[in-house]
Amino acid sequence: MKEEQNTEQAILKAAEKEFIEKGYALSKTTEIAKAAGVTHAMLHYYFRTKENLFDKVFQEKSRLIAGSFASIVNEDLPFLEKVAKSVEMHFNFLINNPKLAFFVVSEIVANKERQDTCKKMFLPIINNTLRKLGQSIDEEVAKGTIRHIEPFDLLLSVISLNAFVFLAHPIVDMITNGDEKVCEDFLEHRKKENIELIISRLRK
């Protein structure tokens with residue numbers, strides 16, 4: 001049983017790399033099997049089709065992104081500190097998964113069925129996040145600590161400011177001339193700027 005789990009995980013890990021690097025259309029199960037150290041027949045035994053394997057990877061990555069949205073309401077901190085930390089946590093999540101945003105957006109655009117998958121994954125979490133966020137905003141506005149903002153506008157601002165840096169990776173890579181240290185410094189700078197932009201919008 002453990003050996004089977006290890007084999008399945010090896011295939012999924014190789015598939016994740018192949019799909020995120022190349023997208024569904026250009027990925028090949030023969031290359032995935034080779035990278036996983038298994039035969040093509042073994043890959044077929046575990047997942048049957050390329051579509052099944054892709055769906056497994058896509059659903060897991062969509063779940064990770066959906067979970068990253070919820071961080072903005074789950075910290076027990078003063079509101080502005082909570083927002084600042086949430087922006088930072090979301091940005092760090094994207095640093096650790098730099099090609100994930102582009103992968104998910106590209107596949108959603110390319111395939112309507114994957115739009116439905118994302119709706120099932122994202123909507124319950126987003127709706128719950130917006131509800132809790134709205135309550136917190138109303139409380140803070142009543143106390144006079146922040147300016148009013150619609151919960152969806154706040155959430156969208158956080159996601160768009162953070163995600164664009166990674167969606168525009170080719171441009172960032174060009175600007176930093178492919179220098180890893182320069183890129184790291186740029187990302188840290190951009191993270192601080194995004195936090196300041198969001199907090200400045202809220203602060204009275």
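The following questions and answers concern a predicted model of a protein.

Q: How many helices and how many strands does the protein have?
A: From the N terminus on, the elements run α-α-α-α-α-α-α-α-α-α. The count for the protein is accordingly ten helices and zero strands.

Q: What are the rough dimensions of the box that the C-alpha atoms of the protein fill?
A: The box is taken along the principal axes of the protein. Its dimensions are roughly 65 × 40 × 35 Å.

Q: What percentage of the residues in the protein is buried?
A: A residue counts as buried under 20% relative accessible area. The protein has 204 residues, and the buried share of them is 40%.

Q: What percentage of the contacts with a separation of 6 or more joins residues 24 or more positions apart?
A: A contact requires heavy atoms within 4.5 Å. Among contacts in the protein with a separation of 6 or more, residues 24 or more positions apart account for 69%.

Q: Is Ile-198 buried or exposed?
A: Ile-198 is placed in helix 10, which spans residues 180–202. Not counting residues up to four places away in sequence, Ile-198 touches Val-83, Val-87, Leu-154, Ser-157, Val-158 and Leu-161. The relative accessible area of Ile-198 is 5%, and therefore its class is buried.

Q: How far apart in space are Ile-198 and Asp-55, C-alpha to C-alpha?
A: In sequence, Ile-198 and Asp-55 are separated by 143 residues. In space, their C-alpha to C-alpha distance is 35 Å.

Q: Which helix gives the largest share of the nonpolar patch?
A: The nonpolar patch on the surface is formed by Phe-102, Val-105, Val-109, Phe-164 and Leu-167, which together have about 500 Å² of accessible area. Two elements, helix 6 (100–110) and helix 8 (151–167), each give two or more residues to this patch. Phe-102 has its place in helix 6. The largest share, three residues, comes from helix 6.

Q: Is Glu-18 buried or exposed?
A: Glu-18 forms a salt bridge with Lys-22, with the closest N and O atoms 3.1 Å apart. Both residues lie in helix 1 (residues 2–26), four residues apart, or about one turn of the helix. Lys-22 counts as partly exposed at 40% relative accessibility. At 11% relative accessibility, Glu-18 counts as buried.

Q: Why are Asp-116 and Lys-112 separated by about one helical turn?
A: The salt bridge between Asp-116 and Lys-112 has its closest N and O atoms 3.9 Å apart. Asp-116 is partly exposed, with a relative accessible area of 32%, and Lys-112 counts as exposed at 55% relative accessibility. The separation is about one helical turn because the two residues are four residues apart in helix 7 (residues 112–143).

Q: How many salt bridges does the structure hold?
A: One of the salt bridges joins Glu-18 and Lys-22, and another joins Asp-116 and Lys-112. The number that the structure holds is nine.

Q: How far apart are the mean positions of the positive and negative charges of the protein?
A: The protein has 29 positive and 30 negative charges. Their mean positions are separated by 2 Å.

Q: In which helix is Asp-153 found?
A: Asp-138, Glu-139, Glu-150 and Asp-153 form a negative surface patch. Asp-153 counts as partly exposed, at 39% relative accessibility. The helix in which Asp-153 is found is helix 8.

Q: What value is phi of Asn-177 near?
A: Asn-177 lies in the loop between helix 9 (169–175) and helix 10. Because its relative accessibility is 69%, Asn-177 counts as exposed. Its phi is positive, in a residue other than glycine, and is near 60°.

Q: Between which helices is the loop that holds Arg-48?
A: Arg-48 is a residue other than glycine with a positive phi, near 70°. The loop that holds Arg-48 lies between helix 3 (40–47) and helix 4 (50–69).

Methods: Residues numbered from 1 in each chain as written. Predicted model: local features only at pLDDT ≥ 70, side-chain atom pairs only at ≥ 80, totals over all residues. Heavy atoms only, no water. Patch = residues over 30% accessible without salt bridge, like charges linked within 9 Å, V, L, I, M, F, W, Y side chains within 5 Å. Areas by Shrake-Rupley, 256 points an atom, 1.4 Å probe, with all protein chains shown as cover. Salt bridge = Lys/Arg side-chain N within 4 Å of Asp/Glu carboxyl O. Buried < 20%, exposed > 50% of the residue type's maximum accessible area, 1.4 Å probe, protein only. Lys, Arg positive; Asp, Glu negative; His and termini not counted. Charge placed at Lys NZ, Arg CZ, Asp CG, Glu CD.
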